[in-house]
Amino acid sequence: MRTFSGIAASPGIAMGRLCVIDRCKTVTSEYPISSEAVIHETARLTKAVEDARVELESLKSRLSETNGEDHLLFVEIHLMILADERLVTETLEIIRTGLISAEGALRRTLHRYRETFAKIDDPYLSERISDVETVIERVLRCLSGEPESPLPQREGQIIIAAHDLSPADMLQINRNNVLAIITEIGGRTSHTAILARALDLPAVMGVEGISDLLLDGAAVIVDGLSGAVVVDPDQETFQSSLRRKHHYEYIEYELLKTAPLPAETVDGHQMYLRGNVEIPEEGASVLAHGGCGVGLYRTEMLFMNRAVMPDEEEQFLLYRAMQQAITPHSLTIRTLDSGGDKLLDGMDQAAEVNPALGVRAIRLSLNMPDEFKKQLRAILRVSADGPVRIMFPMISGMEEVRRAKELLEEAKRELTASGTPFDNKLLVGVMIEIPAAVTLADLLAREVDFFSVGTNDLIQYTLAIDRSNEQLSHLYQPLHPAVLRSLRRVVQAAHDAGIPACLCGEMAGDPLYLPVLLGLGFDELSMGAGSILRVKQILRRCTLERAASIAEGCFAFSTAAEVEMYLKSQITMDVAESID
Ligand code: PEP
Ligand code: MG
């Protein structure tokens, strides 16, 4: 028995035979060329890029014909990377100045991209290099003249292990016999992980050495809950994993039955439970888990890995795909929340000493009004077909909201002038993520139609704790009295102004916090699709009065640890009473 540990990237437990995919990288040789051969290598590269484009276009139409529309986005992203002129011009420059073969030049370009991406602190953004790698591998294969090799098909219940699986590979996975996936690279936010979750396929990633060919055919257990991978398990391990699997599946099954039940308390108080999403593929999962629409659509993904910003049409198509995935429910689109530590490739920005406090989110959008208006017009256009809300991230004061709204009005005028339809009554909200916004909540509430509290950032800025610093994670306390007081103030300000108070940070998805958030008066919680049913289960056991009393009780304590202890004791008390 051998145990490996990796990142739990998609929940679920599976047992099967390991199918190791040894898709060796295309072997490429870098060889010197004469200056006369530059023209020839240039032509080879151009042809290979075109061949790769044709392959992707054909994959795209295959997906459109079958039921793969949901996955088109990944193919679109790869087409966009391929269409990025910088990829070709930089490689041609290396061929010309370095006098080396097209293969060698392309590998050097990839190396440069890797260096650039490695400097990005944000794991989500740095993982996007895997898309660039996949595209460049495709071009290299085209250069070698090798045909595309599909994912090998095998009989029996298998678990695929590979160094890496591209989103295109994921689309070929036969759900009838592939039970789980394991990869050596990738993390929770990689496209492959996102797709695995969207496909309900347990996945463990970052498992070094698993694609060792000697393991092919071995019995394996994949635990997408804990991140463990056990090869050749002994009887005892197998039996205990089986019990864990049945327990997990039973709970999931029972929970899924509750998806159609209303999200309301015992005494009939309704709360909107919605999903946080990044790609249209996640929309279906939000609905399957009983979410009533999307409360946070992070639009950053479309802006990454590219030299030029996406144009209005491209944005419109993507936002519309998301809307269609969740129709007839409402879609809350957050404008670009990038910058600072998440620099966009196409922008010539100086490195910042303190990126978390730098030119990011709404500040970045307001610095480039033309680009911002493209996004606003794209969102407005989608609003013509169904309920859409727009929200601005990282608002710190009134000027920012007013300026953002002015630009929104300009965008509306431009659409009106061109006869393009949109919903003139589209709701506008702000994210409350900065302590200044909490303090000014009463003023901000007069300017907008709703608040959405981003607790991930609000906790970071209130407690001065870097949210991505693992060494400080014990100090990152959602129940810190300062955070709870901020939440209470925001809800009060919203309700005094007659607008709803929503919350879309990770706090929303933790069932322990539900009684407090409900008791404080939040009207809507938005979370990862996988959390919705668990949160709803607790909601359906509460009464509003009891939740209000629990929330009020939290304010009697002066530390997060005390509040947490109190909260757990109250919940235990309730459970004990319900058993009595
Ligand atoms: C938040 O800050 O809570 C939030 C939802 O935004 P993000 O995690 O994308 O910064
Ligand atoms: Mg945030």
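Modeller: Classes first: Ala, Val, Leu, Ile, Met, Phe, Trp, Tyr, Cys and Pro count as nonpolar, Asp, Glu, Lys and Arg as charged, and the others, Gly among them, as polar. By that scheme, the shell around ligand 1 has six charged, four polar and three nonpolar residues. This is a predicted model: local features need pLDDT of at least 70, side-chain atom pairs count only at pLDDT 80 or more, and totals for chains, interfaces and linings use all residues. Residues are numbered from 1 along each chain as written, chains are lettered from A and ligands numbered from 1 in written order, and side-chain values use heavy atoms, without hydrogens and water.

Colleague: Which residues come nearest to ligand 1?
Modeller: Arg298, Arg334, Glu433, Asn456 and Arg467, of 13 around it. Near means a heavy atom within 4 Å.

Colleague: Which element gives the most to that shell?
Modeller: α17, with three residues. Helices are DSSP runs (H or I, at least four residues), strands likewise (E, at least two), numbered from the N terminus.

Colleague: What does Asn456 do there?
Modeller: Its backbone N or O atom lies 2.7 Å from an oxygen of ligand 1. The protein buries 97% of the 290 Å² that ligand 1 exposes alone (Shrake-Rupley, 1.4 Å probe).

Colleague: Now the magnesium ion. What are its protein donors?
Modeller: Glu433 (OE) and Asp457 (OD), 2.0 Å from ligand 2. Glu433 lies in the loop between β13 (427-432) and α15 (435-439) and Asp457 in α17 (455-463), so the pair ties together parts 24 residues apart in sequence. Donors are N, O and S atoms within 2.8 Å of the metal (3.2 Å for Na, K and Ca); water is not among the atoms, so sites may look incomplete.

Colleague: Are those two buried or exposed?
Modeller: Both Glu433 and Asp457 are buried. Buried is under 20% relative accessible area, exposed over 50%, partly exposed in between (1.4 Å probe, protein chains only).

Definitions and conventions. Polar contact = N/O pair within 3.5 Å; in protein donor to acceptor, adjacent residues only side chain to side chain.
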